[in-house]
Amino acid sequence: MDVKLARGLNELSASEVVAKIASGETTSEAVVRACIERIAARDPTVRAWVNFDPDLALAQAHALDREPRRGALHGLPIGVKDVIDTFDMPTEMGSPIYRGYRPLADAACVALLRRAGAVILGKTATCELAGMAPAATTNPHNGAHTPGGSSSGSAAAVADFMVPAALGTQTGGSVLRPSSYCGVFGYKPTYNTFNKAGLKPAAESIDTIGWLARSVEDIALLTAVLRMDVPQPLRTMSAAPRIGLCRTELWDSAQPETQRAVENAATALSKAGAEVRDLHLPAEFGGLPALARGTINHFERAACMAFEWDNHRAALSPQMRRYIENGLKTSRAEFVAAWRRLEHCRALLPQIFERIDVLLAPCVPGEAPKGLSSTGDPSMQAMWTALHTPAMTLPTHRGPNNLPVGIQLVAQRYDDDRLLTCARWIWDQIGAPELIGVSRM
């Protein structure tokens, strides 16, 4: 095979890879080899992978190339965040407590991907136990900046053309924030859309498995597989979408690049024919970002981490110990009051979405912060995660240091298909394909 062609295969989107394999234009083994070459060249700097066995990946691809088409993802390499179980490679969760841990079974989402013909390329780096203690991963656009977290490796690997798509998880903003910082598409579906069996929990009432990919079409394809649905082409909108410009209570904390991204997107979409109107959330939503990040997350994490706290406390990071300590100080009454508040706000969502299709909101405070000691602020995603709404980030803008800045789209619960359709229309109007991923180094 031509070397230049092999190197180019790793830059294709998931949908393109599947189509080219199905048509006989390429093979799974050729695509996987191209990804392996890219990882060998770049991962010593980016450090997106923690358990990566090229021979195992090639063996999967080799077998798939010699059998009938297994399903909608036949031959497609995918990365898996290392808090999600895989039977054939370790699941270490970014923690020394689980070093070398080998699950006996795949997580449900991984098993469904294999059933559809995917190659599990390897495990991507995660913050410790999907928390806030950073992994070793760097931002592929500029190694001095954070890639975000906790799905750090998944975002960096997709952005750096090491793998077409990767699984992530979001409890606060762990899919959308790294997607925005690294310049890829991030998708957090409606809560419990993807089965969570085999996922190490953080806060079970809001933990959500999501996707990091290079196009809206990729996310639609991958989502159909995990919903045990038949993949369908994205619907074409019969009319331009109705968009609610929702700055949220965190608007004044946003840096100029985020404010410009949201405002510029709103202006451009209005000119393209969308009905864009300002939308102010009801007073009941005040303080939800802090409530989601604090009371709910801390209390549930303290329960999920009881074994580690009681038996391996010294091996936990200072960040994780603070999480658990805050949770242990939170009373059951405080947790129930917070939960009732969230339930009340969820009940108000139908009236918010009564005359709009999708919300346009800030995704991150700004471009990826400099330094690797923090993964950035998840507040702008945390409220929507706790409300169980589906949300996406699109890689539409750049900041003052030429780093990506995404916008966030939010839809009503269980209206994920509408979100994807609107996202496709919005990307067609204001998307900049050259901003996806890093330069072809």
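Select D88 and R114 to begin: both residues are buried, a word that here stands for under 20% relative accessible area, while exposed stands for over 50% and partly exposed for what lies in between (1.4 Å probe, protein chains only). Before going on, note that this is a predicted model, in which local features need pLDDT of at least 70, side-chain atom pairs count only at pLDDT 80 or more, and totals for chains, interfaces and linings use all residues. Residues are numbered from 1 along each chain as its sequence is written, and side-chain values use heavy atoms, with hydrogens and water left out.

Now display the two side chains, D88 and R114, which meet in a salt bridge at 2.8 Å, N to O; the term means a side-chain nitrogen of Lys or Arg within 4 Å of a carboxyl oxygen of Asp or Glu. Because D88 lies in the loop between β2 (77-81) and α5 (108-115) and R114 in helix α5, the pair ties together parts that are 26 residues apart in sequence. Helices (H or I, at least four residues) and strands (E, at least two) are DSSP runs, numbered from the N terminus.

Next, select R247 and E263, whose side chains form a salt bridge at 3.1 Å, N to O. This pair links distant parts of the chain, with R247 in the loop between β7 (242-245) and α9 (256-271) and E263 in helix α9, 16 residues apart. R247 is partly exposed, at 22% relative accessible area, and E263 is partly exposed at 27%.

Finally, select R242, D357, D415 and R418, which are linked in a network of salt bridges. The count of salt bridges comes to 21.
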